[in-house]
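Biologist: Can you take me through this one? I'd like the fold content to start with, then some side-chain pairs.

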Amino acid sequence: MLIFLHTFLCPKCQEDIQLPDGGLTQLKKNFDFSKANDINTQQQERQALEEEQTNVAQGTAQKNISCEKHPNNELKFYCDDDDIVICGECIATGHGGHRISSVDKAAKSNRDKIKSQPPLAEQGTNPKSAAHSVFLEKAECVHSFSAKLKNTRGISTNGLAIHEEQVFFLDCANSRTKMFTHTGVFKFDIPLSRPFDLAMSQTGHLYITSQGDSCVQVYSTRGQQVSTMGQSHLGRPYGITLNKQGHVMVCDMRQKSIFTFHDASDKLLNTIPLSMCTDPWYITVNSVNDNIVISDAGSHCVYVLSPTGDQLYQYGTQGRGDGQLWGPRGVCTDRHGHIFIADCFTTSKITKRQSDMAKALAAAFTDNLLTCNICLEEYEDPRVLPCNHTFCYGCISSHAQISITPNLTFLCPNCREEIKLPDGGLTQLKKNFAFSKAKDIITQQQERQTLEEEQTNVASVAQGTAQKNISCKKHPNNELKFYCDDDDTVICGECIATEHGGHRISPVDKATKSNRDKTESQPPLARQGTNPKSVPHPSVFLEKAECVHSFSAKLKNTRGISTNGLAIDEEQVFVLDCANSRTKMFTHTGVFKFDIQLSRPFDVAMSQTGHLYVTSQGDSCVQVYSTRGQQVTTMGQSHLGRPCGITLNRQGHMMVSDTRQKSIFTFHDASGHLLNTIPLSMCRDPWYITVNSVNDNIVISDAGSHCVYVLSPTGDQLYQYGTQGRGDGQLWGPRGVCTDRRGHIFIADCFNRRIVALSPQGQFIRYIVTEDDGLQSPMAVAINPAGQLVVAEDGGKVKTFQYIL
């Protein structure tokens, strides 16, 4: 007799999972992740509102409105080509050759056209299509209020409906529809089961889609329930609107259809399939032409259909540029027929407010997701129940002890589902590692944000050399006496006139003193609870890096050289020559001392204890030598396949990037025992590796994908820099990577012949050295004990650059 055990392995932890009765459809949904998405959406909406409020235009249509681009000029002209009101300077700078007229003349011309037209009945034209409008150069926020009530921990606004006296908000986070006056005074709310959207009729009825009840709930504008509709037809109702006849149109995401119901009798009048949609969310009907507008959140676009359901056109693809959308939400039209789309995740520009938003987002995640609902504090040892709700281990233990039944069950404090006490007790409840990871990521993001903000404040502008008179590389006869705060660089007087006009400029001495004052006013690190290694040392990059020394690692009587690796200590420079299968030792002045022969070596690293670690692809291991060239041991033979890059972490343990196995292997530096393995599934050819001493992040160069990945210390991907190409933000065959004591990341962009500098957060800072400076095919990079950048070129040249003051 055959017995099928109906089990499978978890792809993440390889635990044996029993197939549920009824199949995989019985697996519980992770509502916490859905809630996380709602929080993120909410923060994006708040950000959009904040940006709109801070750009409020001055004056009204009756007053002389100033141009946003040129505040001293009034908006006196109308551009017919762009359908926008502009000033005289706008004509010269952005509307040359366009059809321009004065606003008064444009308005009069439009009135004359309307008067000269025959009656609309004779034209056969829909009266509502006769609208004409002139858009302001900048929309003005004339009023705002918050729909978040006191004593509520969060809000996520999904729907909006307005009539003459009331504004109805749908708060899906709290499963309520809230009624306000137009001035923002709260009146009452209506609790519902997972509501999504709402619409109002001319007869004063409020129609609300309820996903919990799979129907439309109908209420009066005073909050009394009138009826329900659609129970036998709807599956997962989302957006709702009313057509010209006043009938109710519902967008159902599960059935990918639009259902039209009679507004009074609940009779199904029509069904329009939405086969083109991935996730049809919101819907509206254009009053000018009766076309149906649908936002598709999954395909990041908006579809416009004819009244009979034929697709007329599509707007948008996924992205943040012109003509693109990212997570479109609500749609509506005005009396002129213009269509408006809530482009949820696209922001028009990056400002400091995004850092404020990041802080708010972190706080929202902590308050809403990382807080135990029993103690209302951040989770301590989060444990997840079978119903997927999470609590602190101590909290759920106390709750279970109080409410345990004779059948050894207790109720979940959140959903009241009956939970059976696990065999072995509550210690067998699984830990919620996702929440633990989320907490780690948020903590790390906050540390990065602090680091970035402190760096832009320019601490120690001159770093001990401000007293010296350093000549400008672009203008050798001028001294570097000034600091440009906008570009974070030291410049001369002529640089101000030619390249930094209008920037925030201050003398170097003044910038230095300003930073010292800020530093002295801060409490000691011990009192701040700050890790000293995370304390940044903000820096000033030289306008032009200076090559202060160079030598050739190519020896006489060798036909060629290909430099792959570089390692430096107080006295020695080790250069790995893969063409000749040797690691060569030089003094800092370039005097050759000895070499070590290996089998296809690739990269080299040095420890604080004076050991030299060399990856050998020929032997599939790491060879360990003393700095005098004596072999000490070998490591990793039974684990490594094709070892490439090598580095040491803060604990001094050895980390090796293996391109064949696409993994990072961490070995104990003394015993050689394997401590950890991090998969690199995102990489094609992981070559070089380094560890950032500021935050312990792991930096990997992927030569095959022409990019650099930055991972957390536990191996989670934080961000990626670069795509294949030669432009800004692109790399071509990246090779060696290293970081300095401030956390800056340096990349040897080999085939673009330049060194790229990134901030600790992966943001582009500048090119330190380029082909214009004589750089040829950089392969390896390192920071020497003096804090200078050392670059090894493919042809054997080893160059040292002073890049920072």
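This is a predicted model: local features need pLDDT of at least 70, side-chain atom pairs count only at pLDDT 80 or more; totals for chains, interfaces and linings use all residues.

Biologist: Pick a sheet. What is the strand order in the open sheet of four strands?

Modeller: The order is S14-S15-S16-S17, and the pairing is antiparallel. Strands S14 (237–242) and S17 (268–273) stand at the edges with a single partner strand each, so one side of each has no neighbour in the sheet. On average, neighbouring strands of this sheet are turned by 20° against each other, direction ignored.

Biologist: What about S15 and S16, how many bridges do they pair over?

Modeller: Five bridges, in the antiparallel sense, between S15 (residues 248–252) and S16 (residues 257–261). Cys251 stands opposite Ile258 in S16.

Biologist: Let's move to S53. Why call it largely enclosed?

Modeller: Five of the six residues of S53 are buried, so the rest of the structure largely encloses this strand. S53 runs antiparallel to S54, and five bridges join the two. In that pairing, Ile783 stands opposite Leu789 in S54.

Biologist: Which residue in the hairpin of S53 and S54 takes a positive phi?

Modeller: Gly787, with a phi near 80°. The hairpin has five residues between the strands.

Biologist: There's a Glu in S54 as well. What does Glu793 form a salt bridge with?

Modeller: Glu793 is found in strand S54 (residues 789–793), and its salt bridge is with Lys799, the closest N and O atoms being 2.9 Å apart.

Biologist: Is that pair buried or exposed?

Modeller: Glu793 and Lys799 are both buried. For Glu793 the relative accessible area is 5%, and buried means under 20%, so Glu793 qualifies.

Biologist: What else is Glu793 in contact with?

Modeller: Leaving aside neighbours within four places in sequence, the contacts of Glu793 include Thr563, Gly774, Leu775, Gln776 and Met779.

Biologist: How many salt bridges does the count come to?

Modeller: The count is 10 salt bridges. One of them joins Arg650 and Asp696, at 3.2 Å from N to O. This pair links distant parts of the chain, 46 residues apart: Arg650 is in the loop between strands S41 (643–648) and S42 (654–658), and Asp696 is in the loop between strands S45 (686–691) and S46 (698–702). Arg650 is partly exposed, at a relative accessible area of 33%.

Biologist: And where does Arg753 come in, what is its partner?

Modeller: Arg753 forms a salt bridge with Glu771, with 3.0 Å between the closest N and O atoms. The two are 18 residues apart, Arg753 in the loop between strands S50 (745–749) and S51 (754–758), Glu771 in the loop between strands S52 (764–769) and S53 (778–783). Arg753 counts as partly exposed at 28% relative accessibility, and Glu771 counts as partly exposed at 40%.

Biologist: Now rings. How many aromatic pairs are there?

Modeller: The count comes to 17 aromatic pairs. Phe551 lies in strand S32 (residues 541–552) and Phe586 in strand S35 (residues 582–587), so the pair ties together parts 35 residues apart in sequence. Both Phe551 and Phe586 are buried.

Biologist: Which residues do ring pairs link into a cluster?

Modeller: Phe145, Phe169, Phe180 and Phe186.

Biologist: Which Arg residues lie over the face of a Trp?

Modeller: Arg320 lies over the face of Trp326, 4.3 Å from the ring centre. Likewise, Arg726 lies over the face of Trp732, at 4.4 Å from the ring centre.

Biologist: Last one, Ser681. Buried or exposed?

Modeller: Ser681 is exposed, with a relative accessible area of 70%. Ser681 lies in the loop between strand S44 (674–679) and S45. From C-alpha to C-alpha, Ser681 and Gln661 are 9.4 Å apart in space, and they are 20 residues apart in sequence.

Methods. Residues are numbered from 1 along each chain as its sequence is written. Side-chain values use heavy atoms; hydrogens and water are left out. A salt bridge is a side-chain nitrogen of Lys or Arg within 4 Å of a carboxyl oxygen of Asp or Glu. Buried means under 20% relative accessible area, exposed over 50%, partly exposed in between (1.4 Å probe, protein chains only). Contact means heavy atoms within 4.5 Å. Rings of Phe, Tyr and Trp (its six-membered ring) pair if their centres lie within 6.5 Å; planes under 30 degrees apart count as stacked, over 60 as edge-to-face and the rest as tilted. A charge sits over a ring if NZ of Lys or CZ of Arg is within 6 Å of the ring centre and within 35 degrees of the ring normal. Two strands pair if DSSP finds at least two bridges between them. Axes are lines fitted to C-alpha atoms, for helices over the stretch in contact, and angles run from 0 to 180 degrees between N-to-C directions.
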